[in-house]
Amino acid sequence: MSSAHQADPGAAPSAEAPDPSGPSGPVPIIDGLPPGPRERLLGLVTRRELDPGATFMHEGDVTKSMSIIVRGRVALRLRVPERGAVTILTLDPGDIVGWSAIVPPYRATTSATTLEPTELATLPADDLRAILASDNEVAGAFLPRVMETIAARVEATRDQLLDLFRGAEVDPW
Amino acid sequence: MGSGGALATTPPRFLPRERFDELLASLGTGGRRVVGPTISDGAIVFADLASAAALPAGLTLETSPGRARLERLPDGPGRVRTFQYTVSGEGIKRFTFPSRVDALSMETADDGSVRVRVEAPAEPVPLAIVGARACDLAALAVHNRVLLDGPAVDPDYAARRRDLITVAVECALASSTCFCASMGTGPEVTTGADLVLNELDDGFVVRAPTPAGERVLAAIDGLAPAAADRTVVAAAQTAAARAAMGTSAVPAKPRDLLLANLDHPRWDAVAERCIACANCTLACPTCFCTGLEVQSGFDAAASSATRAWDSCFTEGFAQIAGGSFRPRHRDRYRQWLTHKFATWWDQFGTSGCIGCGRCIAWCPVGIDVREELAAIAAAPTATPSPIAAATTGIVALPALAPDPLQFTPARVVAVTPETADTTTLRLATGDPRILAGTPGQFVMVGVPAFAIPPISISRFHPDGIELTIRAAGAATSFLTRLRTGATLGLRGPLGRGWPVADAQGRDVVIVGGGIGLAPLRPVIDAVLRERDRFEDVRIYLGARTPRDRLFVDEIDALASRDDVLVRVTVDRAGPEWLGRVGIVTQLFKTVRGTGADATAFICGPERMMSATADVLGDLGVPRERTWLTLERHMECGVGLCGHCQLGTRFVCRDGPVFSIAELGEDLRREGL
Amino acid sequence: MDLAIRAAATGAPPVPAGTGHLGTGHATGRSTATRRPRVGVVKFASCDGCQLTILDVEDHLLEIAERFEIVEFAEATSRRSSGPFDVLLVEGSIATPEQVVEIARLRAEAKFLVTIGACATAGGIQALRTAVEHEAFRAAVYPVPAYVDSLATARPVSEFVHVDAELRGCPISPEQLLELLTSLATGRRPQLPDQAVCLECKRRGIPCVVVTRGLPCLGPVTRSGCGAICPAFGRGCYGCFGPREGANTAGLAAAFISGAAAGTGDARRDPVDVGRLFAGFNGATAPMRSVTDALGGRPVQPLRPTLASPPETLLPGPPRWGEAASSGVAADIAATVDIDRPPAADTTEDPDGPRR
């Protein structure tokens, strides 16, 4: 479907990408933290480049890492036996994938699959949990940002749940 | 015609009681039908008046909340009086605005062509109404404003008003439910009557404010002028009625009071008592809301529609396929009271209430509007709702084409299924009015035997239009199953469309959700036709699933242009969809830059439109340039049937396109 | 058992959206049906008055018989059929175990199932009986009660199977029946507005009996469709079309008790009398029952031991409307009913009689 593959014509480069910064390129969210937490978290970051169609998180598996999307697009999918895989959300640069890394029971609630060439900044789950438990400054700076992401997702999910575009049940009359 | 004028210039006469039949005879010359108050089933009812003997002699009407009883007048000389009461149950509305009137006839000819015709009103018999009160005449004047002075004229009402003689009687007493003096409509008759009677024990002081009234009197031989002492008694009677009522039955400035207290707890309190039976609206002489009842035989080839009295208290009144906008009795009672005392001013430049008190007497549970208003006035809400300044009466609108009630035929030349439940019909029509429509306007679509839905025009062609219709009920389902060659009737174009010209020289943002893309497509057409007149053009679209997207090929083509930005998202999808999934606001939430120079056009479910407007507002798009289009229950499409009201507005006539600034709080108010 | 029957009873063939009509053709205005729709009329626990109303459509009956093929209608024709039906009109409430089974079978045979009348839509007057009364009646009336197998209470059809449409009333209105059949034939939505009877009274110009005469009337909480027959004849509506949407029966009852709606000025009505008003043909529906439950007034007649022998029912003549019978069972019954007794001091003049 051509509209799905469309690049973004007409959009200035600065329209949607964050400002470049950081040693190996920008990392959304972390770049916005105060210098100390920023340095310490960047130390945990590994960059990954993924081809389209790569599933890097599987629903139900132990979450190995939390990722921040630097570039590309990621689809979150749920397994619905009668329907196959259902994409319930796509995420863009600046979004977090795998908040379950820091929320018990630390298992992925959805699968995550790339739809385009994608670059992720990944934080290993164990290391991330450790630093958040021991380093109050990092926790105090990072967790609110994670909360914002999740809160926005909850709000959006509620609207999706309303299924506003669904037509009314048509009476046979 | 009873248009009246200043007080009579000819002196008042005196008509002895025993000569009243001569007045009736004079009124009845030339076959004029004469109606007046009679007794039926324990009530005063206006009916054919054969003679003075049929008048309710010796009776008065005791009214209080929930109660209207005929009582005998006490013994004495006054016992002979025949007008010694105030308002009858229904007043004179039935004669100028009957409860059921033929409205449309629809036929399918043998060749399959469909014709929808407005029933020409049967030439009404010339009429004389005897016994109208000042409040009845004030109500008639209000109906003139509503039904004759608007962008569309009610043909039946206009016909009935053409040859009407009114003989008013000034009230000599006031019931406890009367409050015309507080509304400035009585008890004195100052306008709207051809003859004015003041009843005394032995006869009537008569004055003729109009030439028509003068002619009626002239046909009665030897009517003597009324002696001064008689006119003094007459005036004193009326003054006593005024004094009995007082003039402060309702709070000052009820409009501002009600519009500032739309969330007052009193609405919940009255809703416990209100049984939403609609009696107040049907007893009220100024209420004008009507609905269409469709009849047909088993063979749907021929059908007709009747215009019948309707009421905002019924569940179906504000209902569309998706549900009802006023589900609770509380919402409906608030709608009625605020319309009557507040928003009527914005719509018509007068109060809707003329103080007759019928709604009080004829409410089976005895709710008194004066009490309700007083309760709100006594303890207004601490945080008043902001009130828009009153508009000065009827909004100046582009004149609707001559006779916006007429249907014009159109033929289906192409049928394009868009999704499982949505189909686009391409219609050919030669009607220049429809072809001259603008983006955002709609048409009423008529086929025999079905209800008549409003459908937005989704594209204009030199020789016709396109309608993109979602099967949401029986009528729209039927339309989506029409085949090429079928004909139907169109009425329009109606409504206020998108202000596309205003967006010239600016950025354009178009946000469409689901079927909401249909009314936006003509905007996209118009912008692309003159692309260089606009700056940045961005189109953001949402749909339920990839299969529910409208105009897929066209949108794909648009997306590949480099002078337009197109972003599409769906609520959920299968794994074959590689596009975006999520709510439509996510498409532009993180856009950099400012919207200060943008005009936005938004269409979709109301909640989506509100959320979109919020996000665009955060991005700087001015509220005066954020436009959306509303959907409401519409039956006439021209502001006559009353169904589509939202606060001060008729969505069909003042909209359906509105700016966020215009709508203010009303968009978010529950049950408005 | 009821739940199992209900679960199994969804066997009606699925109806594609928007094809509510029966293929009699519309777009070209000509009937293109290859066969007439098969119509059946069946009866459960009822008085049979709704079926009679079908026959009462007089001239239209011939048109109906031309358009539809009536394959089962015991009251009208000896032709019998056990299905399948395109349209099945069902009268009567479900009151015995055999009926529970039969309605499930019929549901599977019917494309459209339409319940007609208060019994089928709301259980009817018989739904007012309680389990205890049911037992008492059985024991008192039948010499061998074990031979009589009936459900504890009569239930509406919709509690057992999915119902596609309902025509309310006791009996139904012939106009609404024609509207329903027309809708089936043309595919449009039937116009059976859910509004108060008051709208019909006002459209017809009938003065409100509550306001002008102080008569208790359930019109404000009752669904229109009858054309406001009873108020046209000067008596209050007794709710045979059942509660309308959002019926505020509690509010109306309160107004009757306080006198605001009785129009008796300061005099209050006995709450039990008011409760009894709501215990009528649709008394088992929630809005009506909630009032009777709150105020009392269920029409409980004590069973008299002399029912074992022929009761004293010999009256001097037929009971007259509004007048108390002088003796016997009729007098006992009449003594408990005061719904339409006119006010004592009636000063109204009524030379023309009822308006229509």
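## Polar contacts between chains C and B

A polar contact is a pair of N or O atoms within 3.5 Å, where, within protein, one atom must be able to donate a hydrogen and the other to accept it. In this predicted model, 19 residue pairs are in polar contact between chain C and chain B, with both residues of a pair at pLDDT 80 or more. On chain C, the side that touches chain B draws at least two residues from each of the helices α3 (59-67), α7 (174-186), α8 (197-204), α9 (209-213) and α11 (249-258). Sorted by class, that side of chain C has 21 nonpolar, 22 polar and 17 charged residues.

## Extent of the interface

The contact between these chains involves 60 residues of chain C and 65 residues of chain B, and together the two chains bury about 4,900 Å², of which 52% lies on carbon and sulfur atoms.

## Salt bridges

Side chains of opposite charge can pair when their charged atoms come close. Two salt bridges are counted between chain C and chain B, and R100(B) and E200(C) join their side chains in a salt bridge, at 3.2 Å from N to O.

Over all chains, the structure holds 72 salt bridges. Within chain A, the side chains of R129(A) and D126(A) form a salt bridge at 2.9 Å, N to O; because R129(A) and D126(A) are three residues apart in helix α3 (residues 125-134) of chain A, about one helical turn separates them.

## A nonpolar surface patch on chain C

On the surface, F137(C), V141(C) and Y142(C) make up a nonpolar patch, whose accessible area together is about 280 Å². Of these residues, V141(C) is placed in helix α6 (residues 131-141) of chain C.

Note on methods: Residues are numbered from 1 along each chain as its sequence is written. Chains are lettered from A and ligands numbered from 1 in the order in which they are written. This is a predicted model: local features need pLDDT of at least 70, side-chain atom pairs count only at pLDDT 80 or more; totals for chains, interfaces and linings use all residues. Side-chain values use heavy atoms; hydrogens and water are left out. Contact means heavy atoms within 4.5 Å. Buried area is the accessible area (1.4 Å probe) that two parts lose on being put together, summed over both. A salt bridge is a side-chain nitrogen of Lys or Arg within 4 Å of a carboxyl oxygen of Asp or Glu. A polar contact is a pair of N or O atoms within 3.5 Å; within protein, one must be able to donate a hydrogen and the other to accept it, and residues adjacent in sequence count only if both atoms are side-chain atoms. Helices (H or I, at least four residues) and strands (E, at least two) are DSSP runs, numbered from the N terminus. Ala, Val, Leu, Ile, Met, Phe, Trp, Tyr, Cys and Pro count as nonpolar, Asp, Glu, Lys and Arg as charged, and the others, Gly among them, as polar. Patches are made of residues with over 30% relative accessible area and no salt bridge: like charges are joined within 9 Å, nonpolar side chains (Val, Leu, Ile, Met, Phe, Trp, Tyr) within 5 Å. Accessible areas come from the Shrake-Rupley method with a 1.4 Å probe; for residues, only the protein chains shown count as cover.
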